[in-house]
Amino acid sequence: MLDYAEPVTKLIDEFKRLPGVGHKTAQRLAFHILRVPEADVERFVEALREVKRKIIFCSVCNNLTDVDPCRYCASPSRDRSMICVVEEPYNLVAVEKTRSYKGLYHVLHGSLSPIRGIGPDDLHLANLLPRLKPENNDGVEVQEVILATNPNTEGEATANYISRLLKPLGARVTRIAMGMPVGSDLEYVDEVTMDKALANRHEM
Amino acid sequence: MLLESLEVHNFRNLSGKVSWGAGLNIIYGDNGQGKTNWLEAIYLLATTKSFRTQRLQEAIRFNEDLAVVRGLVAQSQEVQREMQVNLQGSTKSILINGKKESVARYLGQLHAVAFTADELDVVRGTPEARRKFMDRGVVSLHHAYVQTLADYNRVIKQKNRLLQDASELEMSLEQAFEVIAPWNEQLIKLSTEIHRARVDYVERLNDVLERRLFERENITIRYVSSLEGKGDLSDYEALIAERLRLRLQAEIAAGYSLIGPHRDDLEILFDGREMRAFGSSGQQRSALIILDLAAISVYYLWHNEYPLFLIDDVDAELDRKRISYLLEYLEGRTQTFITTSKESLVEQFVARASVFQVSDGRVVSDASKEQLISSATGSAESI
């Protein structure tokens with residue numbers, strides 16, 4: 001026998017499909033939904049529908065967007081000679097928050113991971129190479145591709161793979177540096193980061 | 001560092017609090033009472049791991065929810081810290097002075113070297129046990145090395161999958177190279193780091209090895225790279241890069257990684273012969289003690305303080321003469337914890353030890369030297 005009436009059980013099961021949600025949380029969320037006014041639920045449902053209906057991949061950079069090309073790719077004020085490659089849309093947001101990078105982006109939607117069955121063909125890579133041709137980039141030649149994939153083994157492998165693809169095309173390929181978080185005391189930096197920062201020290 | 005006291009709840013069959021001595025501590029009792037469990041609790045407090053099991057939830061007392069191991073550690077005369085490991089279900093939390101801490105910060109507060117029956121694999125088991133021995137040693141000096149090892153194992157796992165795929169999908173060598181190269185690139189860097197760290201560690205061990213502590217035979221150790229004889233090891237990075245290139249086809253045929261420090265070994269010789277194959281079990285035990293003592297000295301030279309030394313079932317592993325040599329050597333160095341079921345051993349060493357009798361998981365009596373010297377009349381002087 002089910003613990004709850006069928007519609008409640010169904011809702012709990014749906015919540016449990018969400019990442020990071022276990023049985024207890026799913027139960028709590030379901031009972032929250034039961035308590036709130038119907039208008040709130042309608043608004044929630046509409047938000048879910050809308051995001052699925054309106055959000056698409058930018059045909060140039062693969063960022064999530066509601067207009068194509070996305071706002072970055074369409075903006076006349078962005079520097080079209082630079083492309084920053086990131087794994088996920090939220091990584092793009094992290095780079096964007098610096099306000100110091102004015103170039104374009106390319107979102108891969110993942111990183112290479114053979115054990116999870118993710119190879120080069122599963123990444124949004126196919127449309128990166130054509131972007132390096134001026135005729136596909138408003139006549140501007142790409143001077144530099146910055147590889148800002150994550151600093152773990154999968155991100156490293158992805159960056160390495162892409163640099164092997166791009167180097168023969170003549171563009172400058174760079175990898176973001178790893179090391180100390182700025183604005184923090186040395187003592188709060190974990191040892192692995194400190195170790196990397198020491199290894200990557202530079203002349204003053 | 002000094003473990004002043006240890007309080008345990010629901011960890012295996014243990015409960016209660018014990019105040020330890022600064023030098024030699026003898027944990028004594030009949031078999032099955034929980035002597036080794038006390039050593040395991042100390043090891044857990046120091047390393048957050050067990051020397052017995054990978055699955056720590058097994059160590060929570062049956063029908064209980066939460067196991068707690070808490071110790072008071074003197075870092076110096078003035079500085080004391082309370083360290084604590086909680087086991088709850090499959091989760092482990094670690095605390096310093098009652099506040100949660102990250103593993104990276106917790107490790108290094110207290111360090112322990114354990115001599116146990118399982119650890120004998122180092123001298124008579126597979127190369128994996130010896131690689132682990134070296135890696136434990138390197139980590140005791142550089143904690144960041146933990147990440148290097150984790151990354152290395154991860155890259156090997158990813159590459160092995162590609163090697164399997166390459167043979168199953170019948171990829172051409174060029175195709176295989178294209179997908180494997182990004183992983184080999186990382187392997188080259190990580191392998192070089194691991195090779196350098198282990199070679200350096202074995203050199204340090206060699207510098208302090210008490211080659212003839214117990215025997216007339218001379219013990220020597222040497223790091224054996226799996227790339228030995230394949231080229232110039234002094235330029236390891238270039239050598240492994242070349243080997244990875246040359247052996248790609250063989251690796252695809254095998255379906256797993258053939259090249260790298262996961263195939264290396266530590267050679268342990270006595271009078272030039274291999275300990276693993278030719279050593280008697282007594283010689284093997286002596287060799288392991290000598291290696292452990294060297295690890296302790298290397299730790300001391302680096303950190304300027306001694307780790308704890310834990311010796312399980314000292315009687316089963318070493319004869320009396322060796323135990324005497326060993327305990328004499330350790331005096332004034334490590335805070336040492338040994339377990340035994342032999343009353344005669346307790347009597348022999350009582351003059352210089354704190355003795356704790358364990359029954360059903362509890363320490364039922366702890367005797368200071370003065371008390372026991374008077375009760376074990378004569379035997380103390382006869383050492």
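1. In this predicted model, Arg164(A) and Glu185(B) form a salt bridge through their side chains, 2.6 Å from N to O. A salt bridge here is a side-chain nitrogen of Lys or Arg within 4 Å of a carboxyl oxygen of Asp or Glu. The count between chain A and chain B is two.

2. On the side of chain A that touches chain B, helix 6 (153-166) and helix 7 (191-199) each supply at least two residues; helix 6 gives the most, with seven. Helices are DSSP runs (H or I, at least four residues), numbered from the N terminus. By class, this side of chain A has eight nonpolar, three polar and six charged residues.

3. Contact (heavy atoms within 4.5 Å) joins 17 residues of chain A with 20 residues of chain B. The area buried between the chains, meaning accessible area (1.4 Å probe) lost on being put together and summed over both, is about 1700 Å², with 57% from carbon and sulfur atoms. Pro114(A), Ile115(A) and Thr153(A) supply 36% of the area that chain A buries against chain B, more than any other three residues.

4. Residues are numbered from 1 along each chain as its sequence is written, and chains are lettered from A in the order written. Local features need pLDDT of at least 70, and side-chain atom pairs count only at pLDDT 80 or more, whereas totals for chains, interfaces and linings use all residues; side-chain values use heavy atoms, without hydrogens and water.

Key:
Buried area = accessible area lost by both parts, 1.4 Å probe. Nonpolar A, V, L, I, M, F, W, Y, C, P; charged D, E, K, R; others polar.
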